[in-house]
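Student: Walk me through this one, please. I'd like to start with the inside and then jump around.

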Amino acid sequence: MSYLKITQDEPAAATDGVWLTCIECGETFAPFEGIRYTCDDCGGLLEVRYADLPTFENFGDEGTAFHGGVWRYSAALPFNTGVTLPEGNTPLHEVPRLEDKIGVERLRVKHEGMNPTGSFKDRGMTVGVRVAQEVGVDRLACASTGNTSAALSAYGSRAGLQVLVLLPEGKVAAGKIAQASLHGARILEVDGNFDRCLDIVQNLADRGEAYLLNSLNPFRLEGQKTIGLEIMEQFDAEEGGFPDRIVLPVGNAGNTAALYKAFRELEASGAIDEDEIPKLTGVQAEGSAPMVEAIEEGWDHIERWDDVETKATAIRIGNPVNAPKALPGIRETDGTAVAVSDAEITDAQRTLAEEGIGVEPASAASIAGLRKLRDRGVVDEDERVVCLTTGHLLKDPDAAVEAGTEPEPVPADTDAVLEHLQS
Ligand code: F0G
């Protein structure tokens with residue numbers, strides 16, 4: 001019996017064409033009867049075997065399976081393709097326990113942390129860096145609370161361009177700095193918050209020192225617009241119809257603006273009716289909530305907060321530069337904005353983790369905000385809601401360790417481990 005030969009007559013032990021074969025002696029076993037890890041007869045390693053071996057035609061599920069991705073939407077973008085890793089096509093998770101707990105008719109989680117560099121920023125960068133190539137620049141730059149810098153560093157490197165990032169010193173999560181660093185960006189740690197970094201990088205861009213790829217750059221938002229397009233198509237394919245509401249964390253309010261643009265375009269083209277546009281609902285951390293303030297006060301502008309603080313460092317922003325696009329987006333769609341505490345964010349992060357979805361703190365704000373709005377009766381029980389989770393758990397390992405269980409040191413000895421487990 002040759003280990004390398006994967007074909008074999010289907011043995012009596014097979015169940016539905018699946019069985020286990022010992023790679024040493026060829027003995028076969030039923031796949032799910034009893035628990036075994038090695039061969040009963042000789043102790044050799046086991047391999048799973050199939051009566052029907054797959055061909056390419058067996059893969060995917062033509063007709064029903066959905067496949068998104070930023071460049072699927074090139075008809076809505078300035079180019080047909082760009083510098084791609086590739087990005088988009090992120091999962092729209094079902095979260096039945098959380099749905100029950102919060103008490104809405106349907107809750108789905110669009111996990112943008114599943115993009116190539118672990119955040120939605122990749123959608124903006126695939127388009128933004130393509131535009132940078134078009135306009136012919138050598139150096140790209142951004143201010144960042146971390147994720148933008150990680151994405152720009154990856155996409156800029158891939159395009160063979162220099163990348164300069166300005167980060168607020170001591171306020172960027174470890175995973176994000178690691179990414180910018182390994183992708184070879186020049187990293188400047190500024191003695192000031194994100195908003196100051198953005199002021200400076202705007203000045204540098206104005207002086208021709210670099211091409212600005214913050215969300216002030218409208219092409220970035222074109223890429224991020226595809227989050228909205230993907231949600232609409234995916235939700236319609238899997239649930240039928242469109243969500244009533246989309247809840248998202250807000251920093252610079254770029255995503256809020258981008259989603260609103262996606263919906264305005266769909267409505268203008270006749271693809272959806274006005275009353276099918278989801279209510280855009282923004283969530284900020286209590287310690288940095290100028291958008292919430294503007295919505296609550298009914299202002300048509302935001303007032304910059306100079307002192308901001310939250311453990312959700314990604315949205316530790318006091319001057320949301322896209323507010324002029326985003327405030328109308330929230331109002332016109334009949335949405336709202338709400339602030340949540342750091343404790344509520346951590347709690348939501350844990351609850352998502354219980355459903356197997358690992359997100360960084362800023363992302364969990366969407367869930368925390370939905371819960372709060374549902375408790376207040378602002379969100380109805382019959383609503384179908386999509387929460388956007390913007391960044392992956394591994395972006396901020398320190399926050400994850402703080403929110404999670406403590407590792408327990410034990411000696412390297414089985415009896416001692418057993419004793420520890422029983423204690
Ligand atoms: N969530 C995460 C994980 C983010 O990194 C950001 C923004 C936001 C939400 C807010 O999105 O700005 O479109 O309202 N991060 C930027 C950065 C500021 O530099 O990475 P927004």
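Tutor: Helices (H or I, at least four residues) and strands (E, at least two) are DSSP runs, numbered from the N terminus. The model is predicted, so local features need pLDDT of at least 70, side-chain atom pairs need 80 or more, and totals for chains, interfaces and linings use all residues. Residues count from 1 along each chain as its sequence is written, and side-chain values use heavy atoms, without hydrogens or water.

Student: OK, how many cavities of 30 Å³ or more turn up?

Tutor: One, from a search of the whole structure. A cavity here is a set of 1 Å grid points, over the protein atoms alone, where a 1.4 Å probe fits but cannot get out.

Student: Which residues lie nearest the centre of the largest cavity?

Tutor: Phe120, Lys121, Gly251, Asn252 and Ala314, out of 24 lining residues (those with an atom within 4 Å of a point).

Student: And which helices supply at least two residues of that lining?

Tutor: Helix H3 (147–158), helix H6 (218–239) and helix H7 (254–268) each do.

Student: How is the chain divided into domains?

Tutor: Into domain 1 (1–52), domain 2 (92–117 + 221–403) and domain 3 (121–216), with bounds from an automatic or database assignment. Domain 2 and domain 3 each give at least three residues to the cavity lining. The C-alpha centres of domain 1 and domain 3 are 52 Å apart.

Student: What are the polar contacts like?

Tutor: Those are N or O pairs within 3.5 Å. Among them, a polar side-chain atom of Lys121 sits 2.9 Å from a ligand nitrogen. Thr390 also uses a polar side-chain atom, 2.6 Å from a ligand nitrogen, while Asn252 puts a backbone N or O atom 2.7 Å from a ligand oxygen. Alone, the ligand exposes 480 Å² (Shrake-Rupley, 1.4 Å probe), and the protein buries 99% of that.

Notes:
1 Å grid on protein atoms, 1.4 Å probe; cavity = no way out; pocket = protein on both sides within 12 Å on 5 of 7 lines; lining within 4 Å. Points joined across faces, edges and corners; volume = space filled by probe spheres on them. Polar contact = N/O pair within 3.5 Å; in protein donor to acceptor, adjacent residues only side chain to side chain.
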